[in-house]
Amino acid sequence: MDIQCETLSFGDVAIDFSAEEWESLGPAQWSLYRDVMLENFSNLVFLGLASSKPYLVTFLEESQGPSDMKRPVAADMHTGKNHSTDKECDITLPWNSQPINNQNINLRKKPYKCEECGKSFGIPSLLCEHKRVHTGEKPFKCEVCGKAFHAPSLLSKHKRIHTGVKPYKCKVCGKAFNCPSLLSAHKSIHTGEKPNKCEVCGKAFYFPSRLTEHKKIHAEEKPYKCDICGKVFNRPSSLSVHKRIHRGEKPYKCEVCGKAFYIPSQLSIHKRIHTGEKPHKCEVCGTAFNCTSGLSVHKRIHTGEKPYKCEVCGKAFNRLSGLSIHKNIHTGEKPYKCEVCDKAFNGPSGLSVHKRIHTGEKPYKCKVCGKAFNSLSGLSKHMMIHTGEKPYKCEECDKAFRIPSLLSEHKRIHTGEKPYKCEICGRVFRISRILSAHLIIHSGKKTYKCEECGKAFYKKSQLNHHKLTHTGE
């Protein structure tokens with residue numbers, strides 16, 4: 001079908017309904033009709049084809065629903081334009097200044113079909129706009145930023161970004177929007193209606209665009225690809241946020257501490273650190289968190305779920321960060337380096353504990369004897385001295401130990417293993433500290449000196465034995 005895109009008047013694109021059709025219109029269909037009519041008039045204004053506002057436009061801007069179209073038009077709302085009366089169905093319709101051809105155009109009929117993709121349209125002007133999608137033609141250009149569009153309605157909407165005009169206002173909360181479709185979707189928030197429902201999982205959305213993006217999750221479609229690293233996303237907004245990582249852009253800044261973030265949701269969660277707000281509470285133990293992800297990870301403690309498994313040794317973890325740190329053991333990578341002594345660690349927690357050696361910080365204090373430690377594990381081991389607990393037991397001789405490292409050393413007695421070798425004389429030892437003491441002999445250094453006579457010794461045990469000669473014991 002060859003469609004000629006001729007100059008149109010509002011009467012050419014205005015749609016008339018029969019009485020039966022008005023009766024069958026639901027809220028969603030009414031919103032569609034209202035949006036199409038207002039959008040059409042906006043296009044004509046942009047193209048310079050509308051010298052004045054037709055009465056229908058004014059009426060639709062003020063009306064609430066299809067029931068308003070059935071009532072007689074109030075005299076005080078008359079704009080000086082004629083009204084068209086459908087005598088067959090006895091409905092008074094506010095219209096434009098020209099009589100309406102009594103054609104009763106049905107929105108469901110779409111006789112104008114695209115030869116490229118088969119998509120159909122109700123009026124020829126919409127088909128003309130659609131064809132530009134295939135040709136790539138974008139004749140409507142923004143004079144401010146140069147962005148081009150294939151339809152005048154899209155340009156009209158875009159211009160409102162520069163002007164800040166938001167002519168469509170919600171009567172409930174007063175929030176304004178720059179296009180009628182956004183206002184219609186917004187109204188669903190007040191009614192609680194979510195008309196756009198996913199057929200796969202049943203999740204509902206206020207906006208059809210959100211449903212379209214959601215469907216890509218089920219289809220596993222990720223059409224938006226990063227030009228820099230090749231990572232793909234199922235929505236353009238996710239790609240835009242991702243690109244900030246490459247640019248180093250963090251536009252959302254905390255007013256309290258100055259920390260910046262890529263996305264506003266991260267900033268909102270961060271602010272709870274300053275306010276102390278923890279709205280997400282565990283139903284099992286009552287522990288509260290400032291974000292849903294923290295609660296989700298915590299719940300795995302109760303369920304025992306460990307979804308992140310190491311492919312090398314099979315060890316599983318309840319969080320991805322734990323697995324990432326664990327992998328460094330297999331690769332030998334130690335990316336966390338101390339700035340003071342250059343000692344490196346495979347995880348951030350190990351580095352944090354190590355730094356306390358330089359600062360002297362010992363935040364973990366024994367409640368029994370008052371001794372302090374720089375790590376929680378150090379305090380836990382110490383507490384066994386007071387409790388007498390020795391949970392690490394040798395399977396060979398039943399001897400028990402407080403810490404696993406002592407048990408490992410002890411097992412070498414049974415195995416005869418001596419892994420620590422002196423590179424100078426070749427002598428081997430079971431324990432690393434015995435090798436360290438042995439190396440002092442080769443160095444000639446006698447660090448343990450008697451305060452009475454000044455005689456020095458290699459080992460502390462030798463010094464203690466020597467002191468007995470002075471005491472006579």
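Let me start with Lys446, which in this predicted model lies over the face of Tyr458, at 5.2 Å from the ring centre. There is another arrangement of this kind to look at, where the charged end of Lys250 sits over the ring of Tyr262, 5.3 Å from its centre. If you go looking for pairs between aromatic rings, on the other hand, the structure holds zero of them.

Which residue does Glu409 meet in a salt bridge? The partner is Arg433, with the closest N and O atoms 3.1 Å apart. Because Glu409 lies in helix H15, residues 404–415, and Arg433 lies in helix H16, residues 432–443, this pair ties together parts that are 24 residues apart in sequence. Glu409 itself counts as buried, since its relative accessibility is 14%, and the cut-off for that word is under 20%.

Arg247 and Glu249 also join through their side chains in a salt bridge, at 2.7 Å from N to O. Here Arg247 counts as exposed, with 52% relative accessibility, whereas Glu249, at 31%, counts as partly exposed. The remaining bridge to mention is the one between Glu277 and Arg272, whose closest N and O atoms are 4.0 Å apart; Glu277 is partly exposed, its relative accessible area being 40%.

Now to the nonpolar side chains. How many residues does the largest nonpolar core have? It has 15, and those with the most contacts inside it are Phe10, Tyr33, Met37, Leu56 and Leu60. Helix H3, spanning 27–46, and helix H4, spanning 55–62, each supply at least two residues of this core, and the largest share, six residues, comes from H3. As general background, nonpolar side chains tend to be buried together in soluble globular proteins.

Finally, a word on confidence, which I would like you to keep beside everything above. The mean pLDDT of the protein chain is 78, and 81% of its residues reach 70 or more. Over residues 1–6, however, pLDDT stays under 50, and the model has nine contacts beyond four places in sequence for that stretch. Residues 70–107 are also below 50 in pLDDT, and this stretch has 72 contacts in the model beyond near neighbours in sequence. How should we treat such contacts? Where pLDDT is low, the predicted coordinates should not be read in detail.

How values were computed:
Residues are numbered from 1 along each chain as its sequence is written. This is a predicted model: local features need pLDDT of at least 70, side-chain atom pairs count only at pLDDT 80 or more; totals for chains, interfaces and linings use all residues. Side-chain values use heavy atoms; hydrogens and water are left out. A nonpolar core is a set of buried Ala, Val, Leu, Ile, Met, Phe, Trp, Tyr and Cys residues joined through side-chain atoms within 4.5 Å. Buried means under 20% relative accessible area, exposed over 50%, partly exposed in between (1.4 Å probe, protein chains only). Helices (H or I, at least four residues) and strands (E, at least two) are DSSP runs, numbered from the N terminus. Rings of Phe, Tyr and Trp (its six-membered ring) pair if their centres lie within 6.5 Å; planes under 30 degrees apart count as stacked, over 60 as edge-to-face and the rest as tilted. A charge sits over a ring if NZ of Lys or CZ of Arg is within 6 Å of the ring centre and within 35 degrees of the ring normal. pLDDT is the predictor's confidence in each residue, from 0 to 100. Contact means heavy atoms within 4.5 Å.
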